[in-house]
Every structure is written in structure tokens, then in C-alpha cells.
Amino acid sequence: MAWASKLLFIFFLSIFTIDPISSYKQHPLDPLSPEELNLTQTIVKDSFPSSNNTTLTFHYVGLDEPDKPVLLSWLSKPTNKPPPRRALAITRFNKQTHEFIIDLANRSIISNHVYAGYGYPTLGIDEQTEAMQLPLKYDPFIGSIRKRGLNLSAIVCSSFTVGWFGRARNRRVVKLQCFHMNDTVNLYLLPIEGIQIIFDLEEMKIVEYNDSFKVPVPNSEGTDYRLSKQKPPFGPRINRAAIMQPDGPGFHIDGHTIRWMNWVFHLSFDARVGPMISLASIYDSEKHKYRSVLYRGHISELFGPYQDPTEEYYFNTFFDCGEFGFGLSAASLVPLADCPNNAVFMDGYYAGQNGIPVKVSNVFCIFERHAGDIMWRHTEFDIPDVSITEARPEVSLVVRMVATIGNYDHILDWEFKPSGSINIQVGLSGILEVKAATYTHSDQIKEDVYGTLLAENTIGLYHDHFLTYRLDVDIDGVDNSFIKHNLITKTVTDNSTARKSYWTVVSETAKTESEAKIRLGLKPAELVIVNPNKKTRPGNSYGYRLMPGPEAHSLLLEDDYPQIRGAFTKYNVWVTPYNKSEKWAGGRYVDQSHGQDTLAVWSLRNREINNKDIVLWYVIGIHHVPCQEDFPVMPTLSAGFELRPTNFFERSPVLKVIPPKPVIWPNCSASPYSASAVESCLQKERKEM
């Protein structure tokens with residue numbers, strides 16, 4: 001096995017030598033560096049009276065990206081001076097929300113606007129942490145815990161947004177839900193029912209408290225998910241495996257620009273939405289140039305309404321990106337667990353509540369996926385006396401981040417394929433939100449309990465996941481159109497054939513936003529973004545097709561308050577004209593918003609979208625009915641969609657892909673392309689181990 005050890009050494013050596021940072025120049029779309037975050041904090045802080053700025057808190061600091069025409073102009077002549085670097089800072093000061101645009105080069109404030117509308121900025125981590133500690137020092141709460149016979153030292157609290165239900169609170173508050181960790185760290189399965197706590201984030205005090213009823217805390221036995229706490233009988237053992245790349249990684253990272261096979265794109269980190277993919281272009285070997293596909297893409301919002309309308313749970317209608325921040329909630333990825341052994345990691349930075357940079361180590365991993373899938377193949381049997389088999393192994397490049405918000409872990413994957421496809425996937429794992437109940441068997445339940453009885457005294461609540469993606473597609477250029485290729489059944493009436501029916505395609509180009517709103521699953525259609533100004537040799541417009549995933553829609557009434565705020569989930573597909581300010585589907589200020597600034601509101605203008613610079617919005621929908629297999633920790637549930645080239649190339653872009661050289665076993669003389677020879681080599685290696 002010495003040869004294998006040498007190969008692995010070469011592989012790991014190559015992992016840590018692919019990033020020549022010393023030659024890197026900052027890109028206009030790079031995330032703000034720690035130095036730029038510090039500079040932003042200093043400029044903003046100095047703009048307020050020094051005697052009062054102890055009340056200053058930072059809730060979002062990110063790149064104020066250049067206007068798209070400006071950036072595209074620079075890209076056409078990258079030797080010119082790049083667009084100026086600017087920062088957007090959203091702060092709270094003396095109970096007011098301030099929006100700053102900072103010129104980082106000139107160290108000056110371009111604008112300072114006080115926001116006076118409905119809604120508040122993303123919650124700060126520090127203020128939530130402080131809020132979660134205060135019940136443990138609050139005498140009425142201590143009395144409630146003693147009344148229940150629980151151990152105060154085992155109590156942990158978590159913060160929940162309160163939403164909006166027709167009445168403005170006019171104060172930044174959260175609801176605190178507390179849990180009793182009894183011999184387990186799986187706190188979300190052990191809620192303490194009957195206690196309602198409202199906490200004011202500006203005054204930093206409890207402003208409402210009510211202890212109305214008692215329900216036994218569920219049994220914690222068997223709920224701990226840590227490996228060290230597991231007891232027999234155990235599940236199956238996972239054998240060791242490793243990706244071996246004798247030729248080294250197939251991708252190259254230069255700062256935030258990633259090149260892999262026929263793809264090049266820019267990757268950045270944002271405190272609100274996490275990974276942002278920009279300037280994704282694919283090399284066309286026939287045209288001898290890179291062609292644009294995606295100018296900017298990212299998750300925009302996650303709407304998660306729970307379906308328990310009772311007094312204790314009705315407010316659980318979360319907007320995770322706008323209220324908590326996917327980037328703020330990003331977890332450091334664990335090598336060999338979250339990502340395979342051939343992964344390369346990148347760090348990210350965001351501004352803490354005091355404006356000082358916070359580092360998230362290993363926030364992204366990038367790796368080539370060799371899953372054993374087939375890129376393409378064909379076996380030909382019909383030519384006499386000839387047997388032909390040609391196959392190519394699939395390989396793809398994955399960019400991954402995980403955001404953990406409370407009980408749920410969200411695994412965000414962007415997967416690029418040599419065929420030109422971009423596969424966007426979301427994996428949901430973690431812990432279910434449950435409520436404690438008196439039931440021990442489903443036969444006892446005679447009314448709606450808004451969930452599934454998962455274990456004694458434990459009900460997993462029904463809920464939804466609606467993940468909205470913003471995709472500023474540029475299919476070989478900026479001006480694009482959205483086409484619905486409707487599949488229509490035709491009836492044969494002239495007796496010219498034995499067939500009675502067939503289907504055909506009737507195309508429809510959306511002229512305005514209203515014509516592009518689509519609820520999937522109602523009628524068959526292929527949805528394509530095309531460049532109507534450029535055509536293939538046979539005359540088809542260059543295009544990319546949207547390959548949808550699960551077809552779930554919101555089931556809430558349109559005038560229900562959570563749905564008013566989450567009205568952008570009414571349709572699975574939206575198309576809007578490009579607007580730099582329209583990037584967060586739930587609005588800029590989501591916490592306690594009234595739904596006044598959402599994708600659904602913007603699109604009411606019904607703007608023209610034909611042959612324009614357009615943005616595609618796609619909503620992944622999942623109705624989640626919890627089951628016992630989700631308890632006590634949920635196996636990953638995945639959903640997603642794909643952007644797939646459609647008449648973008650003149651022919652298959654993977655026809656001439658060069659397959660990898662086989663790994664030759666040094667002690668084998670037989671051809672490694674033969675299955676029997678490979679198995680013989682493997683047997684020989686096993687004997688030598």
C-alpha cells in the first residue's frame with residue numbers, strides 16, 4: 001500500500017497549495033474584508049455623538065454592490081480602474097434604524113437615511129444571547145420552574161420572532177421559549193409549556209410574562225444525538241472511504257474566483273443570505289470563448305410558517321434570512337463529515353453587533369464530487385458483428401455552506417456540471433420543533449393537535465419550508481426573455497393515422513411580470529430563459545431551462561397575516577426586471593414587517609420583461625408532516641432545482657470530454673479498463689494489506 005500512501009500525500013499537498021493569494025487583486029464583488037468592516041464601523045461610529053453611541057448596534061454590514069451596467073463595463077475592460085468599493089450598513093441608534101452607504105476609498109458617508117416604516121433589521125446575536133440568559137434571573141420565572149419541579153441549572157432558553165398579526169407592537173421584541181435539558185443536549189425536544197415571555201431588545205428587559213398552565217416535560221431518554229452517548233444496539237458501521245486524485249484537484253481558486261473545467265465563477269459570503277454566486281460563465285469550445293449564464297444568484301428568503309394556531313404557537317412564522325440571517329447563522333464546516341477529504345475550505349467574515357469583524361472558519365467548502373454517476377453512455381447492439389460501449393463518469397463541482405438557525409440545519413449546495421447545468425440543492429436536517437402534550441398514544445387524540453405524536457408527550461408540529469432563490473440570469477448576454485413551452489394534447493380527427501392523439505409544444509413569451517407568475521403542477525410546460533437576440537445555426541434561441549423540484553404551494557389563506565408577509569410564496573416562479581434594490585424577497589426589514597416591501601408587491605407594477613435584463617425567482621416548497629423517523633434527529637431531507645442548457649450549445653458540450661486516466665495498480669499487468677482485471681487487482685491489494 002506504499003503507492004497509495006504516496007498518492008494521498010501528493011493529493012493533500014496539492015489541496016493546500018492551490019491558492020496563490022499573493023497574486024490576488026480585490027474583485028469589485030468580493031465580500032467586505034475585515035479591514036473594510038473595521039473601517040465601516042469606525043466611520044459609522046464617528047458619525048454619532050460619542051456620549052451616546054453606546055446604544056449603537058450593527059445589524060447588517062455588506063457590500064453595496066456596483067450598479068450592474070458599471071460592473072459589466074469594467075469587466076469588458078478590466079485593466080481600467082474598478083468600480084469604487086462601498087458598504088451598506090444597517091444600524092440601530094436611539095431606537096431608530098439608520099441606513100448608511102459608505103465610500104470606503106474616500107472614507108466618507110455617501111448617505112445616512114433613517115428608516116421610519118414597518119419592520120426592523122435582522123436580529124443581533126449578542127442581544128439574543130443576553131435575552132436568553134435573563135429569565136434565569138427573573139423571579140417570576142424562577143418560581144414557575146420551581147412549581148414544575150424542574151432544575152433551574154438545566155434550563156436553556158431560545159429567542160423566537162413574534163411576527164405581525166394586524167396590530168403593530170411599536171417595539172423590538174422577541175418571544176422566549178425555554179427548555180429543560182434533562183440528561184441530554186437535545187433541548188428542542190424538551191419544551192416547557194405554559195410560560196409566555198416577551199423580551200424588549202431595546203430596553204433589554206422582560207416586558208410581558210404569563211404562566212397559564214402546566215404540561216409534563218417529555219422524557220429525555222434516547223434523545224441525545226452525540227456519538228459518545230449512544231448505547232447498544234448500534235446501527236451499521238460506515239466503512240472508511242476517501243477520494244484519491246493523483247493528478248491533484250481539478251479546480252483553481254484565486255481569491256474569490258473559482259475556475260473548474262469549463263466553468264468560472266465568483267463566490268462571496270454575505271451576512272444575510274450566505275453564499276453568493278456571481279459571474280458564472282461556461283467555456284464554449286466551438287466558439288472559443290466564455291459565455292455568461294448567471295450574473296448573480298443566492299437564496300433570498302426562507303419562509304417557515306408552523307401550523308399550530310393556538311395562543312402558544314401561532315406566532316411561529318419565521319423568515320430566517322431576514323430575521324436571523326443565514327450568514328450570521330453559518331456553521332463552521334467539519335472536514336470529513338460536512339465535506340469530503342478532497343474539499344478546500346474558505347473562511348467568511350461578518351460584522352458583529354458592535355461592528356467588529358467576526359470570523360467564521362471553514363464557512364464554505366469546495367470539492368469535486370465523484371459520486372459514481374454516469375455523465376453519458378451508450379451501448380450499441382444493432383450493428384452486425386459489432387459491440388460498442390462508450391461511457392463517461394460524471395464529475396461535478398460543489399460549493400457548500402450550512403446555516404443553523406435554532407433547531408434546523410440548512411445545507412446549501414451549488415453544483416456545477418461540465419454539461420452546463422447548475423444544480424441548486426437544499427438539505428434540511430437537525431431537530432424538529434415539538435410541543436409537549438399529555439398524550440402517550442395516538443388513540444387518545446380526539447381533536448386536531450396540529451402535528452404528529454412522535455413519542456410519549458411529544459408532538460412534532462406541521463410546518464412548511466419555502467426557500468426563495470433570486471437568480472439574475474444573463475443567458476449569453478443581458479437582455480433575455482421568459483418563454484413557457486406549453487405541452488398541449490392534440491386530437492387526430494382526419495383518420496390519417498391509427499393514432500387518436502399526440503402532444504405538441506405551443507410557446508408563449510411572457511411580456512410582463514403578471515404573465516410570468518407560475519404555480520407549478522397545474523399544467524405541463526417547460527420554462528426557459530432565452531436570449532432572443534442570438535440563435536444557433538438551426539435557428540433556436542440560446543436558452544437555459546428551469547428544471548423544477550417539489551411542486552408545493554402555500555396553503556394559507558391570502559389574507560392570513562403570515563401569508564401577507566410571505567405572499568412571494570403564492571407562486572413557484574416569478575420574473576422581474578433587474579433592479580439592484582430588489583434582492584430580498586421578504587423586504588429589507590422583515591422582523592415584524594407588514595408585507596409592504598416584498599417580491600409580491602414589487603411585481604404588482606407589472607413591468608415589461610420581454611427582451612429585458614430580467615431576474616428569475618424560484619420558490620422551493622416543502623410541506624413537512626413530521627414522522628417518527630425524524631425523531632430525535634432528522635435524516636437530511638433534500639429538495640432543489642436545476643438550470644439546464646437548452647439550445648445554448650450547438651451540440652452536446654460533453655461529447656468530447658476526456659475521461660480520467662485509470663489508476664494503474666503497480667502489481668497488475670492486465671488492462672485496468674477490464675472489469676475482471678480491476679477486480680483481480682483489488683483482490684491482490686487486499687491480500688497485501
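1. The largest nonpolar core has 115 residues, and Ile 366, Trp 414 and Tyr 469 have the most contacts inside it. A second, separate core has 22 residues, among them Trp 74, Ala 87, Phe 100 and Leu 279. A nonpolar core here is a set of buried Ala, Val, Leu, Ile, Met, Phe, Trp, Tyr and Cys residues joined through side-chain atoms within 4.5 Å. Buried means under 20% relative accessible area, exposed means over 50%, and partly exposed is in between, with a 1.4 Å probe and protein chains only.

2. On the basis of the values: this is a predicted model, in which local features need pLDDT of at least 70 and side-chain atom pairs count only at pLDDT 80 or more, while totals for chains, interfaces and linings use all residues. Residues are numbered from 1 along each chain as its sequence is written, and side-chain values use heavy atoms, with hydrogens and water left out.

3. Strands β1, β2, β3 and β4 form an open sheet in the order β1-β2-β3-β4, with antiparallel pairing. The edges are β1 (57-63) and β4 (108-115); each has a single partner strand, so one side of each is left without a neighbour in the sheet. Neighbouring strands of this sheet are turned by 20° against each other on average, direction ignored. The axes behind such angles are lines fitted to C-alpha atoms, for helices over the stretch in contact, and angles run from 0 to 180 degrees between N-to-C directions. Two strands pair if DSSP finds at least two bridges between them. Helices (H or I, at least four residues) and strands (E, at least two) are DSSP runs, numbered from the N terminus.

4. Within that sheet, β2 (residues 86-93) and β3 (residues 96-103) run antiparallel and are joined by eight bridges. Ala 87 has Ile 102 in β3 as its bridge partner; Ala 87 also belongs to the second core.

5. In helix α3 (residues 68-76), the buried residues are Lys 68, Leu 71 and Trp 74. Seen down the axis of α3, they fall within an arc of 130°, so they line one face of the helix. The arc is taken from the directions from the helix axis to the C-beta atoms. Pro 69 and Ser 76, on the other side of α3, are exposed.

6. With a disulfide defined as a pair of cysteine sulfur atoms within 2.5 Å, the count comes to two disulfides. In one, the sulfur atoms of Cys 157 and Cys 178 are 2.1 Å apart. Cys 157 lies in β5 (residues 155-160) and Cys 178 in β6 (residues 173-180), so the pair ties together parts that are 21 residues apart in sequence. The torsion about this S-S bond is about 95°, so the disulfide is right-handed. Both Cys 157 and Cys 178 are buried.

7. Cys 339 and Cys 365 form a disulfide with their sulfur atoms 2.2 Å apart. The torsion about the S-S bond is about -90°, so this disulfide is left-handed. Cys 339 lies in the loop between α6 (320-323) and β15 (344-351) and Cys 365 in β16 (residues 357-369), so the pair ties together parts that are 26 residues apart in sequence. Cys 339 is buried, with a relative accessible area of 1%, and Cys 365 is buried at 0%.

8. Cys 321 is in no disulfide; the nearest cysteine sulfur, that of Cys 365, is 19 Å away. Cys 321 is buried, with a relative accessible area of 0%.
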